[in-house]
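Let's take a friendly walk around the ligand and the pockets of this protein. Have the viewer ready and follow along.

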Amino acid sequence: MTALAQRLADTRSEIEDAAAAAGRSADDLTLIVVTKFHPASLVRELYDLGVRNVGENRHQEASLKAEECADLDDMTWHFIGQLQSNKARAARQYASVVHSLDRESLLVALERAGLDDPTLPMLDVFVQVNLTADPGRGGIEPENLVAFSEQVAAASTLNLVGVMSVAPLNEDPARAFDRVQLASEQVRSIVPGASFISAGMSHDFVEAIAAGATHLRIGSKITGERPLHG
Ligand SMILES: *Cc1c(COP(=O)(O)O)cnc(C)c1O
């Protein structure tokens, strides 16, 4: 077994344990392996190990990597980082899911791209909620979540699937994830089917599972340390 295969297997079994401890089924959890900064060859290795969901956070890098892996046609590419509105059209070419929808300009750009190209499939989107006190961080402010979700729900080429969050570094993740559950309830009051919660990274996926996460974005625990990026 390669080191990568071992780390993936260990992570999967820890996810199962955390799900069992929370009285949940691991079948309801989607593991997204975050491959940012790693080469396309790593995506291929993961594919051979059964991974069908990968996450990327920079458009340029993701776009090239997805192109290099175009033959892996049942791989789902999740865009999880900040996305500039002028890259929205290009991102829809490879990403099936955007986790980081957090402002009107991006919403408008993603929707326009979909309207302009009727051959594009519907795009699944999570609304990212900012859990920090710093409004400069990614994510919509919680007080604007309901109004923004109504706008997203009205878009005809986007499918609102739930909420996404990154736990702040300086706070107990379990406390932060309580606020994600609240945000999830607010979004479901507008779109009842938007029940997914994208939360949990290498260091806090256990707490995220306990708090109801359905989509885990796990990078370094599986891929090993990220190569430095210039
Ligand atoms: C990098 C990244 C992750 C994965 O982080 P790890 O600590 O390596 O597991 C998850 N979510 C987002 C938004 C990221 O940018």
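A polar backbone atom of Ser220 lies 2.8 Å from an oxygen atom of the ligand. Bear in mind that this is a predicted model. On its own, the ligand has 390 Å² of accessible area, and the protein covers 89% of that.

## The shell around the ligand

If you'd like to select the neighbours in your viewer, the ligand is surrounded by Val34, Lys36, Asn57, Ile80, Met201, Ser202, Arg217, Ile218, Gly219, Ser220 and Arg226. Sorted by class, this shell holds four nonpolar, four polar and three charged residues.

## The largest pocket

Where does the ligand sit? Its place is the largest pocket, which has a volume of about 840 Å³. This pocket is lined by 32 residues, and those closest to its centre are Arg137, Val166, Ala167, Met201 and Arg217. The lining is made up of 13 nonpolar, twelve polar and seven charged residues.

## The second largest pocket

The second largest pocket has a volume of about 270 Å³. Among its 16 lining residues, Ala66, Trp77, Gln93, Tyr94 and Ala95 lie nearest the centre. Two or more residues of this lining come from each of α3 (59–68) and β4 (95–101), with α3 giving the most, three residues. By class, the lining has ten nonpolar, three polar and three charged residues.

Notes
Residues are numbered from 1 along each chain as its sequence is written. This is a predicted model: local features need pLDDT of at least 70, side-chain atom pairs count only at pLDDT 80 or more; totals for chains, interfaces and linings use all residues. Side-chain values use heavy atoms; hydrogens and water are left out. A residue is near a molecule or strand if one of its heavy atoms lies within 4 Å of it. A polar contact is a pair of N or O atoms within 3.5 Å; within protein, one must be able to donate a hydrogen and the other to accept it, and residues adjacent in sequence count only if both atoms are side-chain atoms. Accessible areas come from the Shrake-Rupley method with a 1.4 Å probe; for residues, only the protein chains shown count as cover. On a 1 Å grid over the protein atoms alone, a cavity is a set of points where a 1.4 Å probe fits but cannot get out, and a pocket is an open set with protein on both sides within 12 Å along at least five of seven lines; lining residues have an atom within 4 Å of a point. A molecule sits in a cavity or pocket if more than half of its atoms lie within 2 Å of its grid points. Ala, Val, Leu, Ile, Met, Phe, Trp, Tyr, Cys and Pro count as nonpolar, Asp, Glu, Lys and Arg as charged, and the others, Gly among them, as polar. Grid points are joined across faces, edges and corners, and a volume is the space filled by probe spheres set on the points. Helices (H or I, at least four residues) and strands (E, at least two) are DSSP runs, numbered from the N terminus.
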